[in-house]
Amino acid sequence: MTVVVGLVVVLPLLAAAVVLGFRHRSAVRDVLTLSTMAATTGLAAALLVAVDRDGTVVLRVGGWAPELGIVLVADLFAALILLVAFATILVVELFAIGQRRTPAGADPAVVSPILLVLAGGVGLSILTGDLFTLFVAFELILVASYVLLTHQGREAQIRSGMTYVVINLFASTLFLFGVAIVYAATGTVNMALLAERIPELPAATQVGIGLWFLVVFGTKAAIFPLFSWLPDSYPTAPTTITAVFAGLLTKIGVYVLIRFFTLMELDQLGPLLLVIAGLTMVIGVAGALAQDDVKRILSFHVVSQIGYMIMGLGIFTVAGVAGAVLFLVHQIPVKTVMFLAGGLIEDDQGTSALNKVGGLATSRPVIAVLFALPALSLAGLPPFSGFVAKLALVDAGVAAGDYVIVVVSLVASILTLLSMTKIWVGAFWGEVTPAAVPASSRRSVGVMQTAAGIAVLGTIAVAVLAGVLWPMCEEIAADLLARTPYVTAVLG
Amino acid sequence: MSVAMIIAVAGLAATGTFLVTSRSLSRIVLGFALLGHAAVLALLASGGRAGDPPIVDGAVRPDTANPLPQALSLTAIVISFGLTLYVLALARRQQILTGDDLVEDDVEDRRIAAYAELRAAASDETRAIEEQHEDGSGGDAGDDRNDRGHDPDPSPDGTLP
């Protein structure tokens, strides 16, 4: 299984190079991209099964001792998120193939290879057991995302792309400073060794390191007040790109936050995290209510939902962290499919502005269903996955006595439902608007709807499998908070 | 960590941050170059005192420098070099599209600014009406104005002095 840990990172990157060579031969390119993503998703699934059965798998790259070399660590948390992330990229790639013939679609010659690079970066950042490799993995993801965001070279994309690039470059530079600070304080960048050494540092140094990385990872995760780049840049990109960004990029930030804060035992920052979580939820959803375009509304909801995961982390109990992990697993497919549904509207009507679209519930019932199911899940209504995840978080909050954040999270939930209703009333009810653009071919619409349908099934699967997932999330949370399983697995 | 190193890192970071906050992308690129240098120097300083070259004939020497920060620095330099080129390409594209390389306000800022202008215009108008009413004499003119003036936002703070 140690080979698989390496393969899930290397395979997409190698395939990216090959696909780049075949980028103008569409059949070869699509088959290669899809089969690579399918294979890596399969490997990730096998890894999850193996890790669940036999425990954490550690790959020492080049056979170096963990103090000297790079380690890739696949514990249950990493394996679970890896599987969800790769499955999401696979679905989006399928959608992209359907969308390529439409005018709004992204250029597949660019998207296919770069999406594979992104997958490699996502795999590396989830698996790495080393702070500096995490920096490199983040850069890999970011460079891929810069290209995906701006490759069409339209004016709005360049304008918002600049903000996106500048803010993320600044965060990356801060990350580099953070690595220097940590190395100066502890003499290592290996996360397992850091888990042993950081709790021995003076309390002030610990808090300083914690705050520094809260800013670094918080910018990636788009927490309050570091989120302003997100609603500005995401809506300008083609649907495929926005879907993968919304589903994955911020969630990788949250994943790393959870990993770092639990491993370095930074629970003294819990109350601060709760304040940030509350503000992120409320301000995100308030921003969404002020918008009148489907993609912009959804972008603000990306921010709002991040608050829930930070809330789970901030509670710092097994139930809280388990809730955050479950929320992460639920959010990745839900956010992706919502943007895919938004993309279907845009493809059908030529715009996603609420005042120019209407009556889709009668004219396009399939899109209505594909939007309604994840929207209800996002708002947290039973029996969907959002309900399960939010129930877990609220339960953990009440058990820990953090009533304020529980109330805030419920209010934000109601506002989320209100905002989903706004989209529903605006786009799906009312007068049927004639499409402003010529209809896409039936085949490409079919492929796109199939891809979105698979993603909807994924979100429902999270709710159906909650009985299996929840004990797994609890086990993950217990291991994360105990810290010793990770440390002993890496250091041996 | 020597004092000279601290001053160098602080100076580079301060100048770099100042440049990054400016609007012109070419200044931002320079800012990131300086910030990158600051980060690399900080990484080097984190390895402790300077010493002999770390990679020698295999013999262990007591006074060698720590090689790890140097390896990290090299990686960081390569990455920042690539990204600098990317940002320059972005600036060039922006120049082709709009004739300059300024980072523009985001959509939300522009909407808020437009709304503020609307409010300001509305409050100017109501104030003019009130002043004419307070004069008492110019009733006709005031009514006339009131008929024409469609107040877009008759909120209470619009009438505040």
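## Exercises on a two-chain predicted model

Chain B has five helices and zero strands. Helices here are DSSP runs of H or I of at least four residues, strands are E runs of at least two, and both are numbered from the N terminus. This is a predicted model: local features need pLDDT of at least 70, side-chain atom pairs count only at pLDDT 80 or more, and totals for chains, interfaces and linings use all residues. Residues are numbered from 1 along each chain as its sequence is written, while chains are lettered from A and ligands numbered from 1 in the order in which they are written.

**Exercise 1. Describe the burial and the contacts of chain B.**

Step 1. Read the order of elements. From the N terminus, chain B runs α-α-α-α-α.

Step 2. Apply the burial rule. A residue is buried if 20 or more other C-beta atoms lie within 10 Å of its own, exposed if 12 or fewer, and partly exposed in between; C-beta atoms are placed from the backbone. In chain B, 20% of the 161 residues are buried.

Step 3. Apply the contact rule. Two residues are in contact if their C-beta atoms, placed from the backbone, lie within 7 Å. Take the chain B contacts between residues at least 6 apart in sequence: 53% join residues at least 24 apart.

**Exercise 2. Which way do the residues of strand S2 (residues 71-74) of chain A point?**

Step 1. Recall the pattern. In a regular strand, side chains alternate between the two faces of the sheet.

Step 2. Assign the sides. A:Val71 and A:Val73 point one way, A:Leu72 and A:Ala74 the other, and all are buried.

Step 3. Find the partner strand. Two strands pair if DSSP finds at least two bridges between them. Strand S1 (residues 57-60) of chain A pairs with S2(A) in the antiparallel sense over four bridges. The bridge partner of A:Leu59 in S2(A) is A:Leu72.

**Exercise 3. Is A:Lys220 buried or exposed?**

Step 1. A:Lys220 is in helix H8 (residues 203-221) of chain A.

Step 2. Count neighbours. A:Lys220 has 25 C-beta neighbours inside 10 Å, so it counts as buried.

Step 3. List contacts, leaving aside neighbours within four places in sequence. A:Lys220 touches A:Phe138, A:Ala171, A:Thr250, A:Ile252 and A:Gly253.

**Exercise 4. How many residues does each chain give to the contact between chain B and chain A?**

Step 1. Count each side. Chain B gives 28 residues and chain A gives 26.

Step 2. Find the elements. Helices H2 (25-46), H3 (67-98) and H4 (107-135) of chain B each give two or more residues to its side. H3(B) gives the most, with 13 residues.
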